[in-house]
Amino acid sequence: MTVDLILIGFGNVGRRFVGLLDEQRTMLARRYGISTRIVGIATRHGQVFSARGVDVAKVRLDTSADTLTFLQDALSKSRVAARERRLVVVETTTLDVKRGEPAVRYIRAALSAKAHVITANKGPVACAYAALRRAAERADRRWLFEGVVMDGVPIFNLARETLPAVKILGFRGVVNSTTNFMLTAMERGRSFDDALAEMQAIGIAEADASLDVDGWDAAAKTAALANVLLGAQLMPAQVERQGIARETAARAVEAMSRGRRLKLVARASRQERGVTARVSPEELASDDPLAQLEGQQNAIILSTDLLGEIAIVQRGGGLTQTAYALLADLVTIARSITSGAAIPRSRPRARRG
């Protein structure tokens with residue numbers, strides 16, 4: 001089976017994803033019986049479409065249309081693949097932490113045209129999860145997003161596929177690599193500015209790092225996790241938020257002198273009146289699993305009714321791991337197509353008291 005792909009966004013993650021498709025081409029064919037063909041690419045710099053497949057190495061972009069218009073036209077030209085359930089839109093556009101746009105519009109358009117969607121963009125999950133989930137169910141297509149938190153570590157897949165009859169009561173975690181690296185560095189005497197500059201130099205933090213240090217990235221991930229795992233309907237702005245600043249360095253050093261660690265902790269839990277969520281620096285005991293995270297390491301601890309606490313730790317992440325999440329979601333979709341499996345329903349919404 002040939003899966004046709006339309007790429008919306010073609011930055012570092014999108015390009016690494018294409019590289020992984022090529023590297024894993026033989027495995028995908030042998031193990032899953034699938035091949036892939038990129039039929040469309042859209043970026044802020046232009047677009048290209050060919051039903052016969054786009055040669056990514058030689059791609060030349062046409063700037064004749066905006067991205068949404070291009071996508072709608074590409075979807076129309078791909079009606080046969082959509083009808084056969086083998087059309088997938090891969091969305092990796094820039095994060096909008098306040099509204100999730102324009103990614104939300106792109107996903108709506110794709111689902112309306114009966115395409116599956118995979119994304120590494122946390123904005124749509126954090127800002128419009130319930131509406132997009134319903135749109136996917138109405139279309140009888142998959143919308144998957146494993147890469148939005150902790151790169152390719154299977155958090156959403158773990159809950160969706162491997163925890164039947166388990167109720168997730170809450171979670172806490174360290175989910176932003178930049179701030180965890182900075183806090184670890186500042187404990188050892190480095191300045192806020194030096195630690196941030198190193199993260200910017202290696203491409204982990206953006207030139208404008210306010211999304212990281214002010215806690216917005218962690219808040220968006222917290223909203224996404226709460227919406228999917230706890231049935232919340234949160235926006236990032238509804239997550240109580242406190243980031244880190246230059247004066248946090250003294251607090252981190254002082255905590256370490258007492259055998260404790262300062263971490264930017266994201267947490268959410270079910271309450272009688274709904275789900276509460278916050279992101280803030282917290283002092284943790286040295287034997288806390290989150291306190292033991294160094295550098296860019298991340299972790300999530302799920303609190304459940306039947307299994308107690310389940311910890312998922314990411315010792316290292318990066319571009320390949322995020323691209324792998326897209327690949328894993330693509331394989332999940334391909335397997336459901338070839339097996340004829342029904343589209344699973346999401347976890348129920350949280351009930352309000």
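In the predicted model, E91 stands opposite T119 in β5. Strand β4 (residues 87-91) and strand β5 (residues 116-119) pair in the parallel sense over 4 bridges; two strands are taken to pair if DSSP finds at least two bridges between them. Helices (H or I, at least four residues) and strands (E, at least two) are DSSP runs, numbered from the N terminus. Both strands belong to an open sheet of 6 strands with mixed pairing, in the order β3-β2-β1-β4-β5-β6. Its edge strands, β3 (46-49) and β6 (143-144), each pair on one side only. Helix α3 (residues 67-77) packs on this sheet and touches β1 (2-8), β2 (35-43), β3 and β4, contact being heavy atoms within 4.5 Å.

Strand β11 (residues 298-304) is largely enclosed by the rest of the structure, because 6 of its 7 residues are buried, that is, under 20% relative accessible area (1.4 Å probe, protein chains only). Strand β7 (residues 168-174) runs antiparallel to β11 and is joined to it by 6 bridges, with I301 in β11 as the bridge partner of R172. β11 is also joined to the antiparallel strand β12 (residues 309-314) by 6 bridges, and L302 stands opposite I310 in β12. β11 and β12 form a hairpin with 4 residues between them, and G308 in the turn has a positive phi of about 65 degrees.

Residues are numbered from 1 along each chain as its sequence is written. Local features need pLDDT of at least 70, side-chain atom pairs count only at pLDDT 80 or more, totals for chains, interfaces and linings use all residues, and side-chain values use heavy atoms, with hydrogens and water left out.

Technical notes:
Axes fitted to C-alpha atoms, helices over the stretch in contact; angles between N-to-C directions. Buried < 20%, exposed > 50% of the residue type's maximum accessible area, 1.4 Å probe, protein only.
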